[in-house]
Amino acid sequence: MEDTVDVKSILNLQLITDPRWVQLASISTEAILTDHAYCEQKAAISCISIIQHYSSKKEIVHKLSPIVTEEWGHFRLVLQELEKRKLNLGKQRKDVYVNQLLGFQQKGGSEEGRLLDKLLTMALIEARSCERFKRLSEGLEDAGLRKFYRRFMESEAGHYTLFIELARLYFPAEKVNERWKQWLTYEAQVMQSNELRGDRIH
């Protein structure tokens, strides 16, 4: 992925990260790694929850089961990075960004509509994580961390694609595209309204 144009064309994100975020993150290494660790942990838990709730959908079970393992492996990799740097895993914090996305999910209505929103929520979180990791892999002065985040960036891009593909497997393309546009518009508003903090992945 190159810069702004490709972030929008590949990830579809409507708003890129403020360049100042990387500078803030660079002075909060312990905090950003801690937050990253919990993001990976919560991603694994979210996939487990979707598998449990939609166990009758074989593609979801088969496609997301390996993601659970991968996300938990990522959690362990971040822990190792903390330990290597003699830093501590801090406390989990309230994820304002994710909570705002969850608030946009369909409440009530059909079960199918709720599934679509869950898949698109996961796709959007992975897309934003990918974009943030890209910024870190390019903008940090620490060469070790740049390489570390390059690896995560590539992984998140694959996860984003997987959730979009699952949505299109279960729902008509027009329906997915229409709802996805709504999600992208909403996410850009969330990004604009939230405080810019270097101790947060999102």
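A disulfide here is a pair of cysteine sulfur atoms within 2.5 Å. By that rule the count comes to 0. This is a predicted model, where local features need pLDDT of at least 70 and side-chain atom pairs count only at pLDDT 80 or more, while totals for chains, interfaces and linings use all residues. Residues are numbered from 1 along each chain as its sequence is written, and side-chain values use heavy atoms, leaving out hydrogens and water.

"Buried" means under 20% relative accessible area, with exposed over 50% and partly exposed in between (1.4 Å probe, protein chains only).

| Cysteine | Nearest cysteine sulfur | Relative accessible area |
|---|---|---|
| C47 | C39, 13 Å | 0% |
| C130 | C39, 14 Å | 0% |

For C47, the 13 Å to the sulfur of C39 is too far for a bond. C130 is in no disulfide either.

Now to helix α4, residues 58-84. Helices are DSSP runs of H or I, at least four residues, and strands are runs of E, at least two, numbered from the N terminus.

Buried residues of α4 include I60, L64, I67, E71, H74 and F75. The helix's buried residues pack against α3 (29-53), α6 (111-139) and α7 (143-170), with contact meaning heavy atoms within 4.5 Å. After α4 comes K86, with a positive phi near 60°.

How values were computed
Expected span 1.5 Å × (residues − 1).
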